[in-house]
Amino acid sequence: MQQDKPGLVRLRNDALDIFHSALAAVDPEEAVRRHVRIEGDVLSAGSRQYDLKACDRLLVVGAGKAVAPMAKALEDLLGDRISAGMLVVKDGHGLPLKKIRIQEAGHPVPDARGIAGTLQILDLLEGAGERDLVICLISGGGSALLIAPSEGIDLADKQAATKNLLACGATIHEINAIRKHLSRAKGGQLAAAAHPAAVVSLILSDVVGDDLDVIGSGPTVPDRSSYRDALEILQRYEIWERTPDSVRERLSQGSAGALAETPKPGDPAFRRCDQVLVGSCLRALGAAAQTARRLGYQPLILSSKVEGEAREVARAFAAVGREILSSRNPLKPPACVLMGGETTVTLQGAGRGGRNQEFVLAGAIALDATERIVLLAGGTDGTDGPTDAAGALADGFTIARARTLGMNPFAFLKRSDSYHFFKPLDDLILTGPTRTNVMDVYMLLVGE
């Protein structure tokens, strides 16, 4: 950290405080408590009510990084009314529960434990009847954790397809369109498995636009994508030829009409399905803005729907900070500019990092030698790419500090190695598992 620049230490500390306030605002346990309540024998979820006296069984299933604390809130509310439950969560994201079982599994690349947990969920739902109520918990990460490969596709092929998608720069909407058509659980198929039971899904959004059919690959909502969409995405990113034969065969057959599509709007499986959005990125940004105002900054939320290549979005965001310094537009310093969303990284080397660390590295280069600005980007799930960091922060002197250590920032950016750039600078944000997930938070603090 640059200790001798007036006000810089405070800016950096304030940035971290604002980020942590955003995390606290989307605590999954509290999110469920805000939207679910019980009065006597009536369970209310959002605007819907369910008579528990009329239910033979109450089952809890789900997948994602945040579903363990969501389930804990349900156990506290419902206790022994819960008949059984099964969740699949990312390694390190489990909690001790009384009635609901948890399977930890690999993420973002799926593994055999994810398959085992998903098959247990499908087995639990197989006998669901019309007098049963299923509460489905869904959060970010569910797509990789709720894994039951379609017939003819083995785990190795699913893993290879996932790795190709994660490296090519595809958006989460595109990635999940493919995942749905290689699965027996995603894309509305979990609702079909639970039919004719009543299903209410409690959803913590981690996708731009809060599209319910994309969050966790929409296991309980109609699927708007098709086999043809999935095939064209692989071709568009020029990874079709590198895709395993079994995946190409399935998508080709589906595109030709030889396979049944995922459930679409109007399917009877959704007749008794309801969804409740319990948390989103916009709520996190609102809490961050409140904290920034309390700390003396004028806040501005630019957008909660940011997408694009991380390094390109970062350069544009850095330009906003420089504009505030030079023209006091669109805010007068001290200012806090906030965005939320999920950028992508097209891997260009064998380095290690994540979209938030790459965002901050590109932004630091754009802000080189600029005073009174701190840039932060962090994943609300506490994990940025295949690293133990949630993200990173930088200021106008970060590049100079790196050069004194003999590091060339452009070389690190070129080989997608942002983690090893920020680690010796002690500028990584390390939160550990947050057990929540509402996309990423981007922040510029501009001092007086």
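The largest pocket of this predicted model has a volume of about 940 Å³. Here a pocket is an open set of points, on a 1 Å grid over the protein atoms alone, where a 1.4 Å probe fits, with protein on both sides within 12 Å along at least five of seven lines; the volume is the space filled by probe spheres set on the points, which are joined across faces, edges and corners. The lining comprises 44 residues, and Pro108, Leu166, Arg355, Gly385 and Pro386 lie nearest the centre; a lining residue has an atom within 4 Å of a point. Two or more lining residues come from each of α5 (142-145), α6 (155-168), α7 (172-180) and α13, helices being DSSP runs of H or I with at least four residues, and strands runs of E with at least two, numbered from the N terminus. By class, the lining has 14 nonpolar, 19 polar and eleven charged residues, with Pro counted as nonpolar and Gly as polar.

Arg355 also takes part in a salt bridge with Asp440 (2.5 Å, N to O), a salt bridge being a side-chain nitrogen of Lys or Arg within 4 Å of a carboxyl oxygen of Asp or Glu. Asp440 lies in strand β15 (residues 440-446) and Arg355 in helix α13 (residues 355-366), so the pair ties together parts that are 85 residues apart in sequence. Asp440 is buried at 1% relative accessibility, whereas Arg355 is partly exposed at 24% (buried, under 20% relative accessible area; exposed, over 50%; partly exposed, in between; 1.4 Å probe, protein chains only).

The structure holds 30 salt bridges. Among them, Arg248 pairs with Glu241 at 3.3 Å, N to O; Arg248 is buried at 19%, and Glu241 is exposed at 64%. A network of salt bridges links Lys180, Asp211, Asp213, Asp223, Arg224, Glu261 and Lys264.

The largest nonpolar core has 60 residues, of which Met70, Leu74, Ile135, Leu137, Leu202, Met443 and Leu445 touch the most other members. Such a core is a set of buried Ala, Val, Leu, Ile, Met, Phe, Trp, Tyr and Cys residues joined through side-chain atoms within 4.5 Å. Apart from this core lies another, of 38 residues, including Ala318, Val320, Ala402 and Tyr442.

Residues are numbered from 1 along each chain as its sequence is written. Local features need pLDDT of at least 70 and side-chain atom pairs pLDDT 80 or more, while totals for chains, interfaces and linings use all residues, and side-chain values use heavy atoms, with hydrogens and water left out.
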